[in-house]
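These are my notebook entries on a structure that I looked up piece by piece. I begin with the charged side chains and then turn to the sheet.

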Amino acid sequence: MIRGIRGATTVTTNTAEAIYKASANLFQEIVIANKLEPEAISSVIVSVTSDIDAAFPAKPIRELAGFQFVPVMGVMEIPVPGALAMCIRLMVNAEVGDVTQQDVTHVYLEGATVLRPDLAK
């Protein structure tokens with residue numbers, strides 16, 4: 001079964017270093033929490049809020065050992081007034097075997113824990 005695994009994090013500065021570190025960390029946390037291997041991942045969608053433009057957050061995901069062939073695409077979030085700023089979101093589409101929707105582990109880090117406190121650990 002292919003499931004969508006969500007995750008989000010925030011950065012405090014719009015710098016390449018902060019963006020790369022946050023997106024790689026979020027991706028790695030999702031991979032670990034869901035026991036994913038590179039071959040199990042169909043694709044990754046990365047979205048950012050409009051205040052993040054110093055670097056492509058997909059870059060460090062592509063550069064992680066073993067993940068260079070995973071399709072990763074970046075998009076811009078809809079700029080809804082009052083939405084969480086400086087936010088990077090991931091949608092990892094992966095083969096998870098017989099894991100049910102409710103047993104998928106979604107990962108919310110840093111300031112993004114406010115987005116889904118019911119799922120944040």
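This is a predicted model: local features need pLDDT of at least 70, side-chain atom pairs count only at pLDDT 80 or more; totals for chains, interfaces and linings use all residues.

How many salt bridges does a search of the whole structure find? I found three salt bridges in that search, where a salt bridge is a side-chain nitrogen of Lys or Arg within 4 Å of a carboxyl oxygen of Asp or Glu.

**Entry on Lys59 and Glu63.** I looked up the side chains of Lys59 and Glu63, which meet in a salt bridge at 3.9 Å, N to O. Both belong to helix H2 (residues 59-63), and because they are four residues apart there, about one helical turn separates them. Helices (H or I, at least four residues) and strands (E, at least two) are DSSP runs, numbered from the N terminus. Glu63 counts as exposed at 56% relative accessibility, whereas Lys59, at 36%, counts as partly exposed; buried means under 20% relative accessible area, exposed over 50%, and partly exposed in between (1.4 Å probe, protein chains only).

**Entry on Arg89 and Glu77.** Here the side chains meet in a salt bridge at 3.8 Å, N to O. Arg89 lies in strand S4 and Glu77 in the loop between S3 and S4, so the pair ties together parts that are twelve residues apart in sequence. Arg89 is partly exposed at 21% relative accessibility, and Glu77 is partly exposed at 26%.

**Entry on Arg116 and Asp118.** I read 2.7 Å, N to O, for the salt bridge between these side chains. Arg116 is partly exposed at 26% relative accessibility, while Asp118 is exposed at 54%.

**Entry on the sheet.** In what order do the five strands of the open sheet stand? I wrote down S3-S2-S4-S1-S5, with mixed pairing, where two strands pair if DSSP finds at least two bridges between them. Strands S3 (72-76) and S5 (107-108) stand at the edges with a single partner strand each, so one side of each is left without a neighbour in the sheet. Strand S1 (residues 2-10) runs parallel to S5 and is joined to S5 by two bridges, and Gly7 stands opposite Val107 in S5.

Note on methods:
Residues are numbered from 1 along each chain as its sequence is written. Side-chain values use heavy atoms; hydrogens and water are left out.
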